[in-house]
Amino acid sequence: MSKRIRKVGVIGAGVMGATIAAHIANVGMDVTLLDIVPPELTEKDENKGLTRESKAFRNKFAKNGLDTALKSKPASFYVPENASSVNIGNMEDDLASLSEADWLIEVVVENIDIKRKVFESIESVIGSGTIITSNTSGILAEELCKGRSDHFRKHFAITHFFNPPRYMKLLEIVPGPETHPEVIEALAETSERVLGKGVVYAKDTPNFVANRIGVFSLLFAIRTMIDMGLSIEAVDKLTGPVIGHPKSASFRTADLVGLDTLVHVASNVYDGAPDDERRDLFKVPDLLNQMLEKKFLGEKTHQGFYKKTKDSEGKRVILSLDYNTLEYGPQEKVKLASFETAKTTSGTAEKIKSLFYAKDVGGEFTFRTLTETLIYSANRIPEIADDIVNVDNAMKWGFAWKLGPFEIWDVLGLEKSVDKMKGAGCEVPSWVKKMLDAGNASFYKSEAGTLFCYDPAASDYKEVLVKPEIILLPSLKDQEKKVAGNTGASLVDIGDGVACLEFHTKMNAMGDDITNMVIQSADIVSNDFEGLVIANHAVNFSVGANLPLVLFTAQEEEWDDLDWMVKKFQDAFMKLKYMEKPVVAAPAGMALGGGCEICLASDRVRCAAETYMGLVEVGVGLIPAGGGTKEMLIRSTEHLFEVQKGGLYPKQIDLMPFIARAFETIALAKVSTSGPEAIKLGYLRPTDKVTINRDYLMEEAKKTVLAMNMEGYTPSSPKDKIRVAGEDTFATIRFGLWSMNASDYVTEHDVTISEKIGYVLCGGNVHPDTYVTEQYLLDLEREAFLSLCGEPKTQARIQHMLSTGKPLRN
């Protein structure tokens, strides 16, 4: 990287500016957040004794922004403590502090005059190598840097973060007319490797890439809805998960963004792209203008296309808008045969095909809206981006589509879909027709594990470049690097003597297939490899055990079979824990129940920043029985035993506070909201590390394996002297549970489950300070698990979870 960025200044402490600053603090960078000095003292300020010279008054806007970021849901900070790394100030007193920044990000309101005024102020203090960027969502870079010095223009670009910045992967980078290539290189490297972003290189055109296509798609959906007489609810069903879009679909997304923002973005294109062949579509529909007049702006006014309210009984309900009357009413039940068929079809690709080619109203809507979006996307190359990969990535990373426009077109079958489009009178872009005429039947193709994309400029395919630090398991499988596998998991050679155990069941739920592959992988790696990584590319690492199988076995009262299943599960993880070669788990997304336990069994964990880890078995009336309860006991108390070896403390250290922490974590089914919080909760050790950009997770986990070997890895032996608190501490826990039940804080069934957790954590009915083995604790886990499986209320909880996806209290 030509320039290393360490210090960042953020100007503008509104929602976006404060949450950008929060994420910069998350990754350990030095960040300063500035805003203007408030124009006048309020009555509240005066009551606090503040004056215009008070620091608390002058920094109020920045402080309010930081406080809002701290309270935001979903959380902007990985852990709340990260907020202390954000330095706040104001643009009058603290402007000079920006001279030390390597990167200044302007995040003020979308008003070009205000932005230019900010640039004028900061230009007087910036250092010789400072990079300046704007977070504008659509104003052109060329316009923003007009009137600035040569130095400013050469160091200026647009960096368009998507909201919320911590979670949305997309960052669009737009150079100005004179931006140095080294500036773009430094921004891209820092954004990708440090901030964890997916970078899309956009042209300096209105709304850049994602918003240009996303807003077109939404506006066309609105017009088609009105034309076909469909309801808002029906459109949201047809434009949601069934076609690989988020649950918020079209209109919930519009409410979240804000209708005023949507109109502003649409106007950017209408005013700024006179040559756009679909420019008229960006003229705001009458419906949106009427909603603006009534202040139906979405979440910010608590009513938009949907309205959250309470019914006569005080229960929360969500009403939907009748766009003919502009009145709210109960949501209608959507009954479309094509939607029902697509919903039950397996896989996103097949769902999209099912809807696109369906003959009913749902099929017609999907055909019309998808066709126009695909054609519009193709017509935007090379206007908004140089290739189809940037466009696809923009929509996947910025709008959370599972497939980008050109990937969708491939799924539909290019030749077949184009024939249908032509039959409907649609004008397919000339370069797409030329591509088909040349015998090229898809936008993407894979050869020997290498992915290629069609390049309209060259009228040929070009390789989709993948950085060597990014491991792609499907590509390795295409190169015949798969070592072993079954329907639930595979062992893949990822190079340098390291293998990767990949799960690939639905939600990566752990059943017999995965357990068998854990055992088989341990044997193969012990003999033929230098170490093992446990990772996959799925949205979630693993959501835990195969609950349907557990429920069925319990209902059939096949207790010996269930005992064997759990014992095999425990044995597999113990085999993993005490392998002769290092094991590094690399979770991302949800790592729950058994997914958490396999991480606890690994030597090290290299987790993605967005890892949501927890032992959640109590939600279905069970306790962790794959070694999770045992491991939480060990992790909560192991540091005490290390101290004792030094002879600093006697044997009688009270274990109660440490047992209580583990008990609370398991009994409350605490789930981390980030990788760093998983360390804070005790699921991970301080020696475990976090990778911000998941794309690099497997490679960094592999490097961890190699580093452990370089340091001289020595496998440990099963623990045979674990000191437990015994019956006295267990009695204290039981009394606490009795008190909570008597006060109606917990149900009797909650008490039953929690007593089992406490029993295992305390080592059962033994004297205080008794030493036990790991296997003894595993046996206690298994015994508790089996006894709870026989509880009718536990079976009801499992059934409810399988039916609704939500825990049940009984």
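At 27% relative accessibility, glutamate 143 counts as partly exposed in this predicted model, and its side chain meets that of arginine 116 in a salt bridge with an N to O distance of 3.6 Å. Arginine 116 is likewise partly exposed, its relative accessible area being 24%. The two residues are 27 positions apart and belong to distant parts of the chain, since arginine 116 is placed in helix α5 (residues 112-123) and glutamate 143 in helix α6 (residues 141-144).

A second salt bridge, at 2.7 Å from N to O, is formed between the side chains of aspartate 227 and arginine 368. Here the partners are separated by 141 residues, and the pair links helix α9, which holds aspartate 227, with helix α16 (residues 361-379), which holds arginine 368. Aspartate 227 has a relative accessible area of 54% and is therefore classed as exposed, the cut-off for that class being over 50%, whereas arginine 368, with 25%, is partly exposed. A further salt bridge joins the side chains of lysine 315 and glutamate 313 at 3.8 Å, N to O; glutamate 313 is exposed, with a relative accessible area of 61%. Salt bridges also link Arg212, Asp276, Glu277, Arg380 and Glu383 in a network. The count of salt bridges in the model comes to 53.

Charge on the surface was also examined for residues outside such pairs. A patch of negative charge is made up of Glu556, Glu557, Glu558, Asp560 and Asp561. Of these residues, glutamate 558 is located in the loop between α23 (547-555) and α24 (559-577), and with a relative accessibility of 38% glutamate 558 is partly exposed.

The backbone was considered next. Most residues other than glycine have a negative phi, and most peptide bonds are trans. Against this background, the peptide bond that joins lysine 73 and proline 74 is cis, with omega at about 0°, and proline 74 is found in the loop between α4 (60-71) and β3 (86-90). A cis peptide bond also runs from asparagine 163 to proline 164, with omega near 0°; the position of proline 164 is in the loop between β6 (156-161) and β7 (170-175).

Positive phi values occur at glutamate 480, where phi is near 60°, and at asparagine 508, where phi is near 55°; neither residue is a glycine. Glutamate 480 is situated in the loop between α21 (473-478) and β15 (482-485), and asparagine 508 in the loop between β17 (498-503) and α22 (512-528).

Technical notes:
Residues are numbered from 1 along each chain as its sequence is written. This is a predicted model: local features need pLDDT of at least 70, side-chain atom pairs count only at pLDDT 80 or more; totals for chains, interfaces and linings use all residues. Side-chain values use heavy atoms; hydrogens and water are left out. Patches are made of residues with over 30% relative accessible area and no salt bridge: like charges are joined within 9 Å, nonpolar side chains (Val, Leu, Ile, Met, Phe, Trp, Tyr) within 5 Å. Accessible areas come from the Shrake-Rupley method with a 1.4 Å probe; for residues, only the protein chains shown count as cover. A salt bridge is a side-chain nitrogen of Lys or Arg within 4 Å of a carboxyl oxygen of Asp or Glu. Lys and Arg count as positive and Asp and Glu as negative; His and the chain ends are not counted. The place of a charge is taken as NZ of Lys, CZ of Arg, CG of Asp or CD of Glu. Helices (H or I, at least four residues) and strands (E, at least two) are DSSP runs, numbered from the N terminus. Buried means under 20% relative accessible area, exposed over 50%, partly exposed in between (1.4 Å probe, protein chains only).
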